[in-house]
Amino acid sequence: MKLWYDKPATQWVEALPLGNGRLGAMVFGGTATERIALNEDTLWSGPAGEWDNPAALEALPEARRAALEGRYEDASDWCKQMQGPYGEAYMPLGDLLIDFNLPGDDLPIYQRELTLDSASTLQLFQSGGVAYRREAFVSTPDQVFVLRLTANTPGSISFTARWESKLQYAVRKTGEDTLLTMTGQAPTRSAPNYVRSEDPVHYSDEGITFAATLSVKAEGGTVRRTGEGDRLQVEGADSVTLLVSAATSFAGVDSPRGLDPFALAQKHLDGASHYSYTELYERHFAAHQALFGRVTLDLGANDAEAYLPTDSRIRRFHDSDDPALTALLFQYGRYLLITSSRPGTQPANLQGIWNQELRPPWSSNYTLNINAEMNYWLAETANLSECHEPLLRFVRELAETGAKTARTNYGCGGWTAHHNSDLWRRSAPVGGNPCWANW
């Protein structure tokens with residue numbers, strides 16, 4: 001039930017994913033500097049805009065005629081006249097960066113792992129003779145990211161925490177000296193990464209806004225703001241618990257700025273702050289196990305489980321007998337669905353809920369010709385029916401926007417959708433090659 005490695009992640013795809021369906025985190029496992037890349041499932045470019053195309057109704061009979069007569073290039077040209085604008089993209093929220101003051105450079109022991117049945121990461125290493133332990137998870141009942149730092153020597157934990165984001169953002173001085181808040185907004189337009197554009201990422205005052213708040217609670221030592229108030233510094237602590245809450249202004253397709261993200265993030269943080277670390281973990285574990293613990297799969301054991309890191313097992317898989325790695329992959333698929341799709345959240349997009357790019361691959365959107373369906377193939381057969389709810393709700397909401405597209409583009413009743421959709425339940429064909437865009 002573990003993915004484990006003997007070195008930190010050096011790039012985003014090597015980091016370990018945590019999530020509660022709404023809030024996602026990629027944990028890199030760095031020693032001197034730890035990076036936590038964060039996402040929130042309603043942080044998209046936009047708002048919706050108008051995507052239906054009244055000219056499509058006139059082009060439709062010409063496209064049909066050309067296709068039936070075998071004039072496929074002509075049919076393609078007519079189909080392009082039926083298209084609307086490209087869809088919007090799923091955005092990265094930002095990074096929590098923690099710069100540690102370690103007692104030495106030696107790392108005789110290092111291990112990081114993702115434990116699937118507890119949905120938590122663990123990092124163990126030594127520096128200057130001190131053994132450090134870092135544990136992290138994203139809680140569903142309390143809606144916060146939690147990072148716990150401990151060491152076997154009192155007073156050994158010192159660091160500076162800071163926020164960064166690729167979006168337009170600012171760090172605000174809010175509340176106590178143990179809090180650090182980042183606020184900002186998403187662009188109103190993010191062109192797909194496969195489209196050439198002189199202005200691919202555009203901002204206006206209509207974009208979704210967001211807030212993320214860090215709370216630091218130290219046992220021993222001191223906590224204070226530093227710099228221009230945009231950093232938190234901890235010195236000489238015995239142990240530290242960090243809580244991160246995040247929210248956006250998105251209140252629905254017609255209300256991209258309907259909520260106060262700062263107030264909502266603070267509400268989650270205030271609620272979680274009433275619990276100790278142990279209580280937070282126990283509440284998180286129980287909620288995760290309620291879904292994950294329903295299925296077991298035993299294909300046989302192998303000694304490699306005990307002594308080989310996961311990446312080494314993958315490299316030698318075709319030349320070795322390691323059936324447990326297949327079982328691990330099966331459970332990892334269940335884990336990813338649980339952590340990126342919970343009742344009440346947005347459905348899992350092309351990258352689940354994890355993305356670090358302003359122009360992610362294929363906009364990290366909902367590609368409806370197969371990819372969105374593939375995310376959910378395992379929902380029923382792997383005993384995760386509740387995780388199916390976001391997709392089923394998405395289809396119901398897509399039927400509402402799709403009814404207008406059916407009338408405008410095709411002169412039809414009922415409803416329709418095409419190859420791409422997004423947070424805004426886009427239902428018309430987007431720009432691009434008609435062989436996929438008009439699907």
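User: How many aromatic pairs does a search of the whole structure find?
Analyst: This is a predicted model, and the search of the whole structure gives 13 aromatic pairs.

User: Take Phe137 and Tyr281. What is the geometry of that pair?
Analyst: The two rings, Phe137 and Tyr281, are edge-to-face, with 5.6 Å centre to centre and 70° between the planes. The planes count as edge-to-face because the angle is over 60 degrees.

User: Where in the chain do those two residues sit?
Analyst: Phe137 belongs to strand 8 (residues 130–138) and Tyr281 to helix 4 (residues 277–292).

User: Is Phe137 buried or exposed? And what about Tyr281?
Analyst: Phe137 is buried, at 0% relative accessible area. Tyr281 is partly exposed, since its relative accessibility is 27% and that class lies between 20% and 50%.

User: Why is the pair of Tyr332 and Tyr335 called stacked?
Analyst: Their planes stand at 15°, so the pair is stacked, with ring centres 6.2 Å apart. The cut-off for stacked planes is under 30 degrees.

User: Which helix holds them?
Analyst: Both Tyr332 and Tyr335 lie in helix 7 (residues 323–340). They are 3 residues apart, about one turn of the helix. Tyr335 is buried, at 0% relative accessibility.

User: Which residues form an aromatic cluster?
Analyst: Trp44, Tyr90, Tyr366 and Phe394 together make up one aromatic cluster.

User: Now charges over rings. Which ring has the charged end of Arg172 over it?
Analyst: That is the ring of Phe262, with the charged end of Arg172 at 4.6 Å from the ring centre. In another case, Arg334 lies over the face of Phe292, 5.2 Å from the centre of the ring.

User: How many bridges join strand 5 and strand 10?
Analyst: Strand 5 (residues 94–100) and strand 10 (residues 157–164) pair over 6 bridges, in the antiparallel sense.

User: Which residue in strand 10 stands opposite Leu97?
Analyst: Arg162 of strand 10 is the residue opposite Leu97.

Key
Residues numbered from 1 in each chain as written. Predicted model: local features only at pLDDT ≥ 70, side-chain atom pairs only at ≥ 80, totals over all residues. Heavy atoms only, no water. Pairing = 2+ DSSP bridges. Helix = DSSP H or I, 4+ residues; strand = E, 2+ residues; numbered from the N terminus. Phe/Tyr/Trp six-rings, centres within 6.5 Å; stacked < 30°, edge-to-face > 60°. Buried < 20%, exposed > 50% of the residue type's maximum accessible area, 1.4 Å probe, protein only. Lys NZ or Arg CZ within 6 Å of the ring centre and 35° of its normal.
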